[in-house]
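Subject: Structure for you to look at

Dear colleague,

Here is the structure I promised to pass on, with my notes below it. Please keep it open while you read.

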Amino acid sequence: MKGVSKDFSKAKMVEFPRNVIAGHDVLPEVKNVCTNIHSGIVGTMVTGENTYKAAGKDTISYLDGYDVDICYTGNATPENIEEVERRVKEKGSTFILAVGGGSKIDIAKIAALDLSLPFISIPTSAAHDGIASNRASIKSDKGSKSIEGASPMGVIADTSVIFNASYRSLASGCADVLSNISALNDWKLAYNLRNESFSRSAYSFSQFAAESMIDAADFIRPNLEESVWLAIKPIIISGISMSLAHSSRPTSGSEHMISHTIDLKYPGRAMHGEQCGVASIITLYLQKGDWEELKHSLVKIGAPTRASELGLSDEEFISCVCEAHKIRTDRYTILGKGVKKEVVEEICVRTGVI
(Lines give C-alpha, C1' and ligand atoms only; values in the text may rest on other atoms or scores of the structure.)
Protein backbone atom coordinates (compact mmCIF):
# COMPACT_ATOMS: atom_id res chain seq x y z
CA MET A 1 0.00 0.00 0.00
CA LYS A 2 1.37 3.39 -1.03
CA GLY A 3 2.92 5.36 1.84
CA VAL A 4 2.52 2.53 4.37
CA SER A 5 5.39 0.20 5.28
CA LYS A 6 4.62 -3.51 4.97
CA ASP A 7 7.61 -4.44 7.12
CA PHE A 8 5.95 -4.45 10.53
CA SER A 9 9.25 -5.39 12.18
CA LYS A 10 10.36 -1.82 11.50
CA ALA A 11 7.19 -0.23 12.82
CA LYS A 12 7.61 2.07 15.81
CA MET A 13 5.88 1.23 19.04
CA VAL A 14 2.91 3.49 19.66
CA GLU A 15 2.53 4.78 23.21
CA PHE A 16 -0.74 6.19 24.53
CA PRO A 17 -1.49 7.83 27.87
CA ARG A 18 -2.38 5.00 30.25
CA ASN A 19 -4.79 7.21 32.20
CA VAL A 20 -6.68 10.21 30.83
CA ILE A 21 -8.81 11.93 33.48
CA ALA A 22 -10.69 15.10 32.61
CA GLY A 23 -13.41 16.89 34.55
CA HIS A 24 -14.22 19.06 37.52
CA ASP A 25 -12.02 18.61 40.60
CA VAL A 26 -10.10 15.56 39.31
CA LEU A 27 -6.71 16.71 40.61
CA PRO A 28 -7.00 14.44 43.70
CA GLU A 29 -6.73 11.49 41.29
CA VAL A 30 -3.02 12.22 40.85
CA LYS A 31 -1.97 9.72 43.52
CA ASN A 32 -3.93 6.91 41.84
CA VAL A 33 -2.38 7.79 38.49
CA CYS A 34 1.12 7.79 39.99
CA THR A 35 0.40 4.41 41.59
CA ASN A 36 -0.86 3.00 38.28
CA ILE A 37 2.31 3.83 36.37
CA HIS A 38 4.36 1.75 38.88
CA SER A 39 7.38 4.05 38.92
CA GLY A 40 8.26 4.38 42.56
CA ILE A 41 7.68 7.22 44.99
CA VAL A 42 10.51 9.63 44.13
CA GLY A 43 9.61 12.20 41.50
CA THR A 44 10.33 15.65 40.11
CA MET A 45 7.66 18.26 39.43
CA VAL A 46 8.44 20.54 36.48
CA THR A 47 6.49 23.76 37.01
CA GLY A 48 6.66 27.55 37.25
CA GLU A 49 5.91 29.88 40.12
CA ASN A 50 2.44 30.81 38.86
CA THR A 51 1.50 27.31 37.74
CA TYR A 52 2.67 25.89 41.06
CA LYS A 53 0.20 28.21 42.76
CA ALA A 54 -2.52 27.26 40.25
CA ALA A 55 -2.21 23.49 40.65
CA GLY A 56 1.24 22.37 41.78
CA LYS A 57 0.73 23.07 45.47
CA ASP A 58 -2.55 21.14 45.54
CA THR A 59 -0.98 18.31 43.55
CA ILE A 60 1.71 17.91 46.21
CA SER A 61 -0.92 17.86 48.96
CA TYR A 62 -2.55 14.81 47.34
CA LEU A 63 0.75 12.91 47.15
CA ASP A 64 1.30 11.94 50.75
CA GLY A 65 3.89 9.19 50.97
CA TYR A 66 5.69 10.48 47.86
CA ASP A 67 8.98 12.38 47.76
CA VAL A 68 8.60 15.03 45.06
CA ASP A 69 11.24 17.66 44.22
CA ILE A 70 9.81 21.00 42.97
CA CYS A 71 11.80 22.20 39.95
CA TYR A 72 10.83 25.70 38.83
CA THR A 73 11.71 26.50 35.24
CA GLY A 74 10.84 28.85 32.38
CA ASN A 75 10.45 28.54 28.64
CA ALA A 76 11.22 25.34 26.76
CA THR A 77 14.81 26.18 25.81
CA PRO A 78 17.76 23.78 25.51
CA GLU A 79 19.30 25.38 28.60
CA ASN A 80 16.21 24.89 30.75
CA ILE A 81 15.80 21.31 29.54
CA GLU A 82 19.40 20.57 30.48
CA GLU A 83 18.91 22.07 33.95
CA VAL A 84 15.72 20.07 34.57
CA GLU A 85 17.43 16.84 33.50
CA ARG A 86 20.31 17.62 35.88
CA ARG A 87 17.86 18.10 38.74
CA VAL A 88 15.99 14.89 37.93
CA LYS A 89 19.22 12.86 37.90
CA GLU A 90 20.49 14.56 41.06
CA LYS A 91 17.26 13.70 42.88
CA GLY A 92 17.23 10.16 41.54
CA SER A 93 13.63 10.59 40.42
CA THR A 94 11.81 7.72 38.77
CA PHE A 95 8.98 9.79 37.28
CA ILE A 96 8.20 13.38 36.26
CA LEU A 97 5.11 15.49 36.89
CA ALA A 98 4.55 18.37 34.48
CA VAL A 99 2.31 21.03 36.04
CA GLY A 100 1.79 24.06 33.84
CA GLY A 101 1.16 25.30 30.35
CA GLY A 102 2.84 24.28 27.13
CA SER A 103 6.45 25.10 28.01
CA LYS A 104 6.53 23.10 31.25
CA ILE A 105 4.92 20.09 29.60
CA ASP A 106 7.29 20.34 26.61
CA ILE A 107 10.32 20.37 28.92
CA ALA A 108 8.97 17.31 30.74
CA LYS A 109 8.45 15.47 27.41
CA ILE A 110 12.05 15.95 26.36
CA ALA A 111 13.48 15.15 29.79
CA ALA A 112 11.32 12.03 30.05
CA LEU A 113 12.48 10.82 26.64
CA ASP A 114 16.15 11.59 27.28
CA LEU A 115 16.11 9.92 30.71
CA SER A 116 13.73 7.07 29.80
CA LEU A 117 11.28 8.04 32.55
CA PRO A 118 7.47 8.20 32.56
CA PHE A 119 5.79 11.56 32.98
CA ILE A 120 2.30 12.78 33.84
CA SER A 121 0.82 15.85 32.16
CA ILE A 122 -1.20 18.16 34.43
CA PRO A 123 -2.17 21.20 32.35
CA THR A 124 -3.08 24.49 34.00
CA SER A 125 -4.21 25.93 30.66
CA ALA A 126 -5.15 24.56 27.26
CA ALA A 127 -3.67 27.05 24.81
CA HIS A 128 -2.71 24.36 22.27
CA ASP A 129 -3.02 20.63 21.63
CA GLY A 130 0.35 19.59 23.05
CA ILE A 131 -0.89 18.54 26.50
CA ALA A 132 -1.31 14.90 25.42
CA SER A 133 1.09 14.62 22.49
CA ASN A 134 4.64 13.37 22.08
CA ARG A 135 5.72 16.53 20.22
CA ALA A 136 7.56 19.37 21.93
CA SER A 137 8.21 22.90 20.73
CA ILE A 138 11.71 24.07 21.60
CA LYS A 139 12.45 27.79 21.45
CA SER A 140 15.69 29.47 20.43
CA ASP A 141 16.82 32.70 18.80
CA LYS A 142 16.14 30.99 15.46
CA GLY A 143 12.46 30.46 16.31
CA SER A 144 10.52 27.40 17.41
CA LYS A 145 11.35 23.83 16.42
CA SER A 146 9.07 20.83 16.83
CA ILE A 147 10.85 17.67 17.99
CA GLU A 148 9.83 14.30 19.35
CA GLY A 149 9.43 13.84 23.09
CA ALA A 150 7.83 11.22 25.30
CA SER A 151 4.09 10.61 25.32
CA PRO A 152 2.59 11.23 28.76
CA MET A 153 1.76 8.09 30.72
CA GLY A 154 -1.14 9.99 32.24
CA VAL A 155 -3.10 13.20 31.64
CA ILE A 156 -5.03 14.91 34.43
CA ALA A 157 -7.03 17.82 33.03
CA ASP A 158 -8.90 19.47 35.88
CA THR A 159 -11.46 21.76 34.25
CA SER A 160 -11.77 23.86 37.41
CA VAL A 161 -8.04 24.62 37.18
CA ILE A 162 -8.03 25.30 33.43
CA PHE A 163 -11.15 27.45 33.81
CA ASN A 164 -9.14 29.82 36.02
CA ALA A 165 -6.67 30.44 33.20
CA SER A 166 -7.53 33.16 30.69
CA TYR A 167 -10.34 32.41 28.25
CA ARG A 168 -8.02 33.67 25.53
CA SER A 169 -5.79 30.66 26.21
CA LEU A 170 -8.69 28.26 25.81
CA ALA A 171 -9.85 29.96 22.60
CA SER A 172 -6.29 29.63 21.30
CA GLY A 173 -6.31 25.90 22.03
CA CYS A 174 -9.63 25.55 20.21
CA ALA A 175 -8.24 27.41 17.20
CA ASP A 176 -5.18 25.14 17.19
CA VAL A 177 -7.44 22.07 16.92
CA LEU A 178 -9.60 23.68 14.23
CA SER A 179 -6.45 24.24 12.18
CA ASN A 180 -6.13 20.44 11.91
CA ILE A 181 -8.47 20.68 8.92
CA SER A 182 -5.79 22.52 6.95
CA ALA A 183 -3.01 20.22 8.21
CA LEU A 184 -4.92 17.10 7.16
CA ASN A 185 -5.50 18.48 3.67
CA ASP A 186 -1.76 19.05 3.35
CA TRP A 187 -0.99 15.56 4.63
CA LYS A 188 -3.38 13.97 2.16
CA LEU A 189 -1.82 16.06 -0.62
CA ALA A 190 1.69 14.93 0.32
CA TYR A 191 0.50 11.31 0.51
CA ASN A 192 -1.09 11.45 -2.94
CA LEU A 193 1.64 13.43 -4.71
CA ARG A 194 4.82 12.53 -2.83
CA ASN A 195 4.01 9.06 -1.44
CA GLU A 196 4.62 10.38 2.06
CA SER A 197 4.13 8.03 5.01
CA PHE A 198 0.51 8.08 6.13
CA SER A 199 -1.48 6.80 9.09
CA ARG A 200 -5.23 6.41 8.65
CA SER A 201 -5.78 6.06 12.39
CA ALA A 202 -3.85 9.26 13.16
CA TYR A 203 -5.73 11.05 10.37
CA SER A 204 -9.06 9.87 11.81
CA PHE A 205 -8.19 10.98 15.36
CA SER A 206 -7.16 14.45 14.17
CA GLN A 207 -10.22 14.79 11.94
CA PHE A 208 -12.54 13.71 14.75
CA ALA A 209 -10.97 16.30 17.07
CA ALA A 210 -11.46 19.12 14.55
CA GLU A 211 -15.03 18.10 13.72
CA SER A 212 -15.88 17.82 17.41
CA MET A 213 -14.57 21.34 17.95
CA ILE A 214 -16.72 22.66 15.11
CA ASP A 215 -19.77 20.95 16.64
CA ALA A 216 -19.00 22.44 20.06
CA ALA A 217 -18.23 25.97 18.83
CA ASP A 218 -21.73 27.27 19.58
CA PHE A 219 -21.35 26.33 23.24
CA ILE A 220 -17.76 27.41 23.97
CA ARG A 221 -17.79 30.85 25.54
CA PRO A 222 -16.19 32.81 28.42
CA ASN A 223 -17.13 32.39 32.08
CA LEU A 224 -18.44 28.88 31.66
CA GLU A 225 -16.55 25.86 33.00
CA GLU A 226 -18.60 23.56 30.74
CA SER A 227 -16.81 25.24 27.83
CA VAL A 228 -13.53 23.85 29.13
CA TRP A 229 -15.05 20.37 29.31
CA LEU A 230 -16.29 20.59 25.71
CA ALA A 231 -12.93 21.88 24.45
CA ILE A 232 -10.53 19.70 26.43
CA LYS A 233 -11.61 16.39 24.91
CA PRO A 234 -10.85 17.37 21.29
CA ILE A 235 -7.62 19.03 22.43
CA ILE A 236 -6.47 15.77 24.08
CA ILE A 237 -7.56 13.63 21.11
CA SER A 238 -5.70 15.95 18.74
CA GLY A 239 -2.53 15.47 20.79
CA ILE A 240 -2.91 11.69 20.74
CA SER A 241 -3.08 11.75 16.93
CA MET A 242 0.53 12.94 16.89
CA SER A 243 1.61 10.03 19.07
CA LEU A 244 -0.11 7.68 16.63
CA ALA A 245 1.68 9.21 13.66
CA HIS A 246 5.07 9.62 15.41
CA SER A 247 4.94 13.02 13.76
CA SER A 248 3.18 16.37 13.98
CA ARG A 249 1.76 15.79 10.48
CA PRO A 250 -1.87 15.20 11.59
CA THR A 251 -1.98 18.62 13.23
CA SER A 252 0.66 20.71 11.50
CA GLY A 253 0.88 21.79 7.88
CA SER A 254 1.06 25.02 5.92
CA GLU A 255 -0.89 26.91 8.59
CA HIS A 256 1.72 26.03 11.23
CA MET A 257 4.50 27.04 8.86
CA ILE A 258 2.87 30.48 8.65
CA SER A 259 2.59 30.60 12.44
CA HIS A 260 6.25 29.63 12.88
CA THR A 261 7.21 32.37 10.42
CA ILE A 262 5.26 34.89 12.50
CA ASP A 263 7.11 33.66 15.61
CA LEU A 264 10.43 34.15 13.84
CA LYS A 265 9.72 37.58 12.36
CA TYR A 266 7.37 39.08 14.94
CA PRO A 267 7.71 37.12 18.20
CA GLY A 268 5.31 37.68 21.07
CA ARG A 269 2.56 39.35 19.05
CA ALA A 270 -0.04 36.57 19.49
CA MET A 271 -0.55 33.04 20.80
CA HIS A 272 0.36 29.95 18.78
CA GLY A 273 -3.20 28.68 18.33
CA GLU A 274 -4.47 32.15 17.43
CA GLN A 275 -1.91 32.40 14.65
CA CYS A 276 -2.70 28.91 13.34
CA GLY A 277 -6.41 29.69 13.28
CA VAL A 278 -6.03 32.83 11.18
CA ALA A 279 -3.44 31.18 8.93
CA SER A 280 -5.84 28.28 8.32
CA ILE A 281 -8.36 30.63 6.74
CA ILE A 282 -5.77 31.41 4.08
CA THR A 283 -4.47 27.86 3.60
CA LEU A 284 -7.98 26.38 3.42
CA TYR A 285 -8.81 28.88 0.69
CA LEU A 286 -5.73 27.72 -1.23
CA GLN A 287 -6.76 24.09 -0.65
CA LYS A 288 -10.30 24.85 -1.91
CA GLY A 289 -11.62 23.81 1.49
CA ASP A 290 -14.49 25.25 3.52
CA TRP A 291 -12.66 28.23 4.94
CA GLU A 292 -15.96 29.97 5.72
CA GLU A 293 -17.06 27.22 8.13
CA LEU A 294 -13.69 27.40 9.85
CA LYS A 295 -13.92 31.18 10.13
CA HIS A 296 -17.45 31.01 11.52
CA SER A 297 -16.28 28.52 14.17
CA LEU A 298 -13.42 30.81 15.17
CA VAL A 299 -15.83 33.74 15.46
CA LYS A 300 -18.25 31.73 17.63
CA ILE A 301 -15.44 30.73 20.00
CA GLY A 302 -14.02 34.24 20.12
CA ALA A 303 -10.68 33.48 18.46
CA PRO A 304 -9.02 35.93 16.04
CA THR A 305 -9.88 35.90 12.33
CA ARG A 306 -7.95 39.00 11.23
CA ALA A 307 -4.26 39.85 11.00
CA SER A 308 -4.82 42.96 13.11
CA GLU A 309 -6.12 40.76 15.95
CA LEU A 310 -2.72 39.05 15.92
CA GLY A 311 -1.00 42.40 16.36
CA LEU A 312 0.20 42.35 12.75
CA SER A 313 -0.17 44.91 10.01
CA ASP A 314 -1.55 43.76 6.67
CA GLU A 315 1.91 43.95 5.13
CA GLU A 316 3.51 41.98 7.98
CA PHE A 317 0.97 39.17 7.72
CA ILE A 318 1.24 38.98 3.93
CA SER A 319 5.03 38.76 4.16
CA CYS A 320 4.76 35.85 6.62
CA VAL A 321 2.47 33.91 4.28
CA CYS A 322 4.81 34.57 1.34
CA GLU A 323 7.88 33.38 3.27
CA ALA A 324 6.32 30.44 5.16
CA HIS A 325 7.32 27.81 2.58
CA LYS A 326 10.95 28.31 3.63
CA ILE A 327 10.32 27.17 7.21
CA ARG A 328 10.17 23.41 6.51
CA THR A 329 11.43 22.51 3.07
CA ASP A 330 11.11 18.81 4.01
CA ARG A 331 7.34 19.09 4.50
CA TYR A 332 5.24 19.28 1.33
CA THR A 333 2.18 21.54 1.66
CA ILE A 334 -0.19 23.62 -0.44
CA LEU A 335 2.35 26.46 -0.23
CA GLY A 336 4.67 24.52 -2.55
CA LYS A 337 7.65 26.69 -3.42
CA GLY A 338 5.86 29.83 -2.38
CA VAL A 339 2.77 31.89 -3.26
CA LYS A 340 3.06 35.22 -5.08
CA LYS A 341 2.49 38.32 -2.99
CA GLU A 342 -0.35 39.63 -5.15
CA VAL A 343 -2.16 36.27 -4.84
CA VAL A 344 -1.77 36.23 -1.05
CA GLU A 345 -3.01 39.82 -0.81
CA GLU A 346 -6.09 39.03 -2.90
CA ILE A 347 -6.91 35.96 -0.77
CA CYS A 348 -6.48 37.93 2.45
CA VAL A 349 -8.90 40.58 1.20
CA ARG A 350 -11.44 38.01 -0.04
CA THR A 351 -11.46 36.12 3.24
CA GLY A 352 -11.48 39.26 5.37
CA VAL A 353 -8.18 38.47 7.05
CA ILE A 354 -7.01 41.97 6.12
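The structure holds zero disulfides, a disulfide being counted when two cysteine sulfur atoms lie within 2.5 Å. The sulfur of C174 has its closest cysteine sulfur in C276, 13 Å away, which is too far for a bond. C276 is likewise in no disulfide, since the nearest cysteine sulfur, that of C320, is 12 Å away. C174 is buried, with a relative accessible area of 0%, and C276 is buried, also with a value of 0%; here buried means under 20% relative accessible area, exposed means over 50%, and partly exposed is in between, with a 1.4 Å probe and protein chains only.

Before going further, please note that this is a predicted model, in which local features need pLDDT of at least 70 and side-chain atom pairs count only at pLDDT 80 or more, while totals for chains, interfaces and linings use all residues. Residues are numbered from 1 along each chain as its sequence is written, and side-chain values use heavy atoms, with hydrogens and water left out.

The structure holds 14 salt bridges, each being a side-chain nitrogen of Lys or Arg within 4 Å of a carboxyl oxygen of Asp or Glu. One of them joins the side chains of K109 and D106 at 3.5 Å, N to O; both residues lie in helix α4, three residues apart, or about one turn of the helix. Helices are DSSP runs (H or I, at least four residues), as strands are (E, at least two), and they are numbered from the N terminus. K109 is buried at a relative accessible area of 0%, and D106 is buried at 6%.

Helix α4 itself covers residues 102-115, and its 14 residues should span 20 Å at 1.5 Å a residue, which agrees with the 20 Å between its end C-alpha atoms; the expected span is 1.5 Å times one less than the number of residues. Ten of the 14 residues of α4 are buried, so the helix is largely enclosed by the rest of the structure. After α4 comes S116, whose phi is positive, near 55 degrees.

A second salt bridge is formed by the side chains of R249 and E196, at 2.6 Å, N to O. R249 sits in the loop between α9 and α10 (254-265), and E196 in the loop between α7 (180-194) and α8 (200-216), so the pair ties together parts that are 53 residues apart in sequence. R249 is buried, with a relative accessible area of 2%.

R249 is also among the contacts of T333, together with D186, L189, G253, S254 and M257, leaving aside neighbours of T333 within four places in sequence; contact means heavy atoms within 4.5 Å. T333 is found in the loop between α13 (314-323) and α14 (341-351), and is buried at a relative accessible area of 3%.

E315 counts as partly exposed at 44% relative accessibility, and K341 is partly exposed at 41%.

Best wishes
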